[in-house]
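This report covers aromatic ring pairs and strand pairing in one model. Please keep the sequence and the structure open while reading.

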Amino acid sequence: MKNNLLTSLYIILCLLFIQFSGVAQVKKPLYRDPIYDGAADPVVIWNKPEKKWFMYYTNRRAKAEGLDGVTWVHGTRIGIAESSDGVNWSYRDTCDIQYRLTDYTHWAPEIIENKGLFHMYLTYVPGVFKDWKHPRYIVHLTSKNGINWHFESKLKLASERCIDACVFPLPNGSWRMYYNNEADGKSIYYADSPDLYKWTDSGKRVIGDKGGEGPKVFEWQGKYWMVVDNWQGLGIYQSDDLVNWKRQANNILKEAGKGVDDGVMGGHPDVVVSGDKAFIYYFTHPEKTPENKGVDNYGTRRSSIQLAELEYQNGEIVCNRDKVLNNIRLLQSGEIFTHDPSTVKFDNGKYFYFSTGNGIQAVQSTDLKNWKITKSIFEKDKFPSWITELVKDFKGHFWAPDVIFMNGFYYLYYSCSSFGSAVSAIGVARSKSLDPKSEKYNWEDLGLVVKSEKKTDFNAIDPALFRDDNNKIYMTYGSFHGGIGAVEIDTVSGITKGEIKKLAGGRESDWEAPYIIKNKEDYFLFANNGLCCKGLNSTYRVVAGKSKSIFGPYLDQEGRDLTEGGGTTVLATKGNVIGPGHFGLLLKDNKKIISTHFYDPYKEGQPTFKFWELKFKNNWVVLQDSFDN
């Protein structure tokens, strides 16, 4: 009795801690429709005009009485729920779709946004029926606000029984629609379009597995994935070309979960990639259990929307639907959290940068404006073993990488440490390409470059690479515990050669994120002072000094040595740019473009990537917030 009382008290205290500590735990179920209680086939998209997430869903009439056969899954419009974070949802409305007969059914919407216009590809059933033996087809609609929809066309696809559209952008700028062709054993077919309006059907099935619907295609971890509802959980397929798909051995969401309304198989999902994470929205029929086989009533008809996190392990996708998710917030469309960005590099027609994150976060763009996260350098829990021999508590969260091209390879330098510690290491890996889609992409770890102990001259973090006019390569690094150091790098092995020299440090300890740029005969050393990693309370600022030698001395505009407390501020908090720092240089169109991160008050203080234009006036640094990014 005493043990039970203590257990109950412990549970109550935990719940109170969660309530008052700001920890938001994802609910089970995530959402139930208040009108018919039949929410299914969810699709989640950021509605920029509303500044909210919208969830669109098929709304089956589970509550309705006296409906024979499958009449209850017919006769409704698409429901809309809204959310500020993608986790806490409330009912909004139904879609005002200007395409409907006297009796009609709207199913399984696919919605994308392109150039400020929403496109819906809707499964339309021209009537309300007791059985499944009737036509259905896909129609195209557009909307400016995501609520009122204008009819564009009925799509001509492989048959008159096509449902469950999924539209995905192709690398060449065109579009591909995957859908379920029920007339061919419910196989997954595809059609292509140059503009989202004119579609040409391939007449080809890409997945012919018996039984499958609700395809969802997404890009994550540098690979293309498709999830298909096989009615035995969700099948996972992987592709390199978006045509040929290979199925992984195990389905996800097949085994029952333990959460409320989650004790049955998951069905017809959507996947949202948020930063380096991926989340799956799916629906369940909570009371459609083996014990209720053959029972048809409100209990077995009703459905709930659930949310779980996908994980990438050993080249496959797995999903623990019982994993507790706390403090989840979906990133807005195009939103990426970036801390300590590397130098931006161009390879294989794309721009890349790397930043602090699990396995080293990798980000790519074709235009320097629209960025997306691609495959991490190291897979989860598969980082080089030598690291934990030096940094005992390292868990795979790498800091402040930088990249340089030399000897026919891209060399990526990275930091391994823990907050406030000087027990740190810098390592290096190399690959002939930065693009995961390239055949030359293959990261080979070359091991340790420098390390530091509790008492050290330079904390071994924040590496930055510089190529001098004579093609010699130098690495600056360091933070707190002694200041900034510099050393020459061997261009083949990637490791140090020669003596480490001190460039900055002064009387203060908060020196980090060094970076060298040369202008004519002068070297400029940039470094961060102040405190990072505190969101909107960060005091990060960039200071600079100038020297005639790579190894200094570096003097500020007042003639003060950076090893004696000098440093002229060149970038600091201003307006909504809080705590900017961590320089990188990109040369483009005869311009010197500087990349940094800053803490954005419009994104709850999250670290955000930003460009500046670097100019020199009277042979001193001028940064302009004029580069359009």
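Phe551 is partly exposed, with a relative accessible area of 27%; buried means under 20% relative accessible area, exposed over 50%, and partly exposed in between, using a 1.4 Å probe and protein chains only. The model is predicted: local features need pLDDT of at least 70 and side-chain atom pairs count only at pLDDT 80 or more, while totals for chains, interfaces and linings use all residues. Residues are numbered from 1 along each chain as its sequence is written, and side-chain values use heavy atoms, with hydrogens and water left out.

Tyr474 is buried, at 8% relative accessible area. Tyr474 and Phe551 form an edge-to-face aromatic pair, 5.7 Å centre to centre with 85° between the planes. Rings of Phe, Tyr and Trp (its six-membered ring) pair if their centres lie within 6.5 Å; planes under 30 degrees apart count as stacked, over 60 as edge-to-face and the rest as tilted. Tyr474 lies in strand β32 (residues 473–477) and Phe551 in the loop between β37 (541–547) and β38 (568–571), so the pair ties together parts 77 residues apart in sequence. Helices (H or I, at least four residues) and strands (E, at least two) are DSSP runs numbered from the N terminus.

Lys501 lies over the face of Phe551, 4.8 Å from the ring centre. A charge sits over a ring if NZ of Lys or CZ of Arg is within 6 Å of the ring centre and within 35 degrees of the ring normal. Lys437 lies over the face of Tyr224, at 4.5 Å from the ring centre.

Strand β31 (residues 464–467) runs antiparallel to β32 and is joined to it by four bridges; two strands pair if DSSP finds at least two bridges between them. Phe466 stands opposite Tyr474. The two strands form a hairpin with five residues between them, and Asn471 in the turn has a positive phi of about 70°.

Five bridges join β32 to strand β33 (residues 484–489), also in the antiparallel sense. Here Tyr474 stands opposite Glu488. This hairpin has six residues between the strands, and Gly478 takes a positive phi near 125°.

## Aromatic pairs elsewhere

How many aromatic pairs does a search of the whole structure find? The search finds 37. In one of them, the ring centres of Phe378 and Tyr414 are 5.7 Å apart and the planes are at 85°, so the pair is edge-to-face. Phe378 is in the loop between β26 (371–373) and α3 (386–390), and Tyr414 is in strand β28 (residues 409–416), 36 residues apart.

Phe378 counts as buried at 11% relative accessibility, and Tyr414 counts as buried at 0%. Ring pairs link Phe378, Phe383, Phe394, Phe398 and Tyr414 into a cluster.

## Leu585

Leu585 is found in strand β39 (residues 578–588). Not counting residues up to four places away in sequence, Leu585 touches Thr343, Val344, Tyr515, Ile517, Lys592, Ile593 and Ile594, where contact means heavy atoms within 4.5 Å. Leu585 and Ser342 are 243 residues apart in sequence and 8.9 Å apart in space, C-alpha to C-alpha.
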